[in-house]
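Here is a brief report on one protein model.

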Amino acid sequence: MRPVDSPEEAAFRAEAVKWLEANAARPSNPPIAPSAIVAEWSEEDEERKLAEARAWQRRKYDAGWAGVAWPRAYGGRGGTEIEQLIFDDEESHFDVPRDALAVGLGWCGPALLLLGDEDQKQRFVPSLLSGEEVWCQLFSEPGAGSDLAGLATRASRDGEEWMLEGEKVWTTFAHHSDLGLCIARTDPAADPHRGLSAFIIDMKDPAVEVRRIRQMTGAANFSQVFLDRVRVPDSNRVGDVGDGWRVVITTFMFERTAASFAGGPMVEALRRLLTGGPHRLDRRRRDEWVRIWITDRILSYAAMRRLTALGRGNSPGPEGSLNKLVGTTMLSELYEQAVDLLGAEGMLAGADSPQDGEWQAAFLGTPGLRVGGGTDPIQRNIIAERLLGLPRDLRSD
């Protein structure tokens with residue numbers, strides 16, 4: 001039991017821990033990277049970790065622990081958001097694979113539960129929740145990243161189908177995905193924010209071409225996706241025609257909430273690196289670590305506040321931008337300090353470097369985390385306008 005648990009929550013926590021203890025092992029060392037985007041897996045690692053993640057998700061699903069706060073009608077447990085937080089908290093203390101399915105489970109799935117129709121939820125949510133189908137998010141484009149309302153991908157109506165043409169980029173795990181949540185322009189004459197619609201597309205369609213993008217770490221878990229007259233049934237349209245911006249904002253709010261995680265295990269890994277090396281008595285470096293630790297504690301309490309709001313029926317709000325900005329900035333500082341502590345060894349990579357180069361890979365991969373879900377300047381604009389009430393930024397239109 002935790003000091004903040006009610007008796008009911010304490011009982012739920014004990015039940016969750018009992019099941020986790022019986023089905024998973026605790027790690028011998030705290031993880032260094034919090035997600036696939038930061039870890040920058042190799043192609044071989046991707047295949048293995050995706051298979052492991054799907055197997056673990058299926059085990060949770062069969063035992064009634066997948067989607068703790070998702071409705072029972074779609075395969076969830078039907079619990080509260082606080083119970084979801086408790087389970088996620090306890091699961092984070094075990095060596096289990098989760099990251100490979102993060103886009104579908106953390107962003108697309110919750111948005112579909114809020115905005116999808118009943119047929120879509122019955123068709124797609126159980127297979128997503130069980131790990132049977134992998135999802136990706138098709139939002140960003142070469143000319144529309146931070147300014148997503150300027151996207152150029154078109155969707156034209158053809159009877160009971162839509163024909164999608166365009167190009168998406170920086171799509172995480174597109175090459176492993178079965179389905180994708182795609183935003184396209186259905187009314188070129190409308191206001192940029194009002195002429196968009198959302199669609200669920202089959203990533204295995206021959207008209208969908210996926211090209212992997214290799215990054216500076218050598219990994220290639222992002223992709224460029226080309227849509228060449230992809231036919232999508234109108235039944236796969238999420239929300240009303242022209243209401244795609246609401247789908248974008250809802251998905252981003254869940255993404256930013258998921259990205260604003262507390263970095264407890266990584267902070268502990270950094271502490272061990274600091275105290276186990278020659279810099280353990282360096283006051284400046286110890287003070288830097290303490291500042292990171294304090295930031296992490298604040299983020300963890302902020303996450304509890306957000307989930308309490310969700311548990312009362314509120315949708316994710318702009319507060320996610322504040323936590324995403326602070327959290328990803330903290331991770332950047334954390335990995336920068338780690339590489340600094342490694343000294344000359346910080347320039348090595350792979351098996352030649354300490355801990356198989358995980359610190360260096362995380363250091364190089366963190367910029368991707370600061371771009372995903374909206375860049376730092378975008379988060380600052382949202383904070384200024386929607387939290388602080390400052391005048392809106394000038395728009396080109």
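## Cysteines

Cys136 is buried, at 0% relative accessibility. The model is predicted. The closest cysteine sulfur to that of Cys136 belongs to Cys108, 7.3 Å away, which is too far for a bond.

Cys182 is also buried, with a relative accessible area of 0%. The cysteine sulfur closest to that of Cys182 is in Cys136, at 8.9 Å, again too far for a bond. A disulfide requires the two sulfurs to lie within 2.5 Å. Across the whole structure, the search returns 0 disulfides.

## Salt bridges

Side chains of opposite charge can pair when their charged atoms come close. The whole structure holds 26 salt bridges. One of them joins Glu21 and Arg26, with an N to O distance of 2.9 Å. Glu21 is partly exposed at 42%. Arg26 is partly exposed at 43%.

Another salt bridge pairs Arg231 with Glu161, at 3.0 Å from N to O. Arg231 sits in strand β7 and Glu161 in strand β3, so this pair ties together parts that are 70 residues apart in sequence. The relative accessible area is 36% for Arg231, which is partly exposed. Glu161, at 31%, is partly exposed as well.

## Links between helices and a network

Glu333 and Arg291 form a salt bridge, and their closest N and O atoms are 3.1 Å apart. Glu333 belongs to helix α10 and Arg291 to helix α9 (residues 283-311), so the pair ties together parts 42 residues apart in sequence. Glu333 is partly exposed, with a relative accessible area of 32%. Arg291 is partly exposed too, at 43%.

Salt bridges also link Arg13, Asp89 and Glu90 in a network.

## Helix α8

Helix α8 covers residues 264-275. At 1.5 Å a residue, its 12 residues should span 16 Å, and the end C-alpha atoms are 16 Å apart, which agrees.

Which residues of α8 are buried? They are Met266, Val267, Ala269, Leu270, Leu273 and Leu274. Viewed down the axis of α8, the buried residues fall within an arc of 160°, so they line one face of the helix.

## A buried glutamine

Gln120 is part of helix α6 (residues 118-129). Is this residue buried or exposed? Gln120 is buried, at 2% relative accessibility.

Most residues other than glycine have a negative phi. Trp170 has a positive phi, near 60°. Trp170 lies in strand β3 (residues 161-172). At 48% relative accessibility, Trp170 is partly exposed.

Arg229 also has a positive phi, near 55°. Its place is in strand β7 (residues 222-233). Arg229 counts as partly exposed, at 48% relative accessibility.

Leu322 is located in helix α10 (residues 319-342). At 39% relative accessibility, Leu322 is partly exposed.

Notes
Residues are numbered from 1 along each chain as its sequence is written. This is a predicted model: local features need pLDDT of at least 70, side-chain atom pairs count only at pLDDT 80 or more; totals for chains, interfaces and linings use all residues. Side-chain values use heavy atoms; hydrogens and water are left out. Buried means under 20% relative accessible area, exposed over 50%, partly exposed in between (1.4 Å probe, protein chains only). Helices (H or I, at least four residues) and strands (E, at least two) are DSSP runs, numbered from the N terminus. The expected span of a helix is 1.5 Å times one less than its number of residues. The arc is that of the directions from the helix axis to the C-beta atoms. A salt bridge is a side-chain nitrogen of Lys or Arg within 4 Å of a carboxyl oxygen of Asp or Glu.
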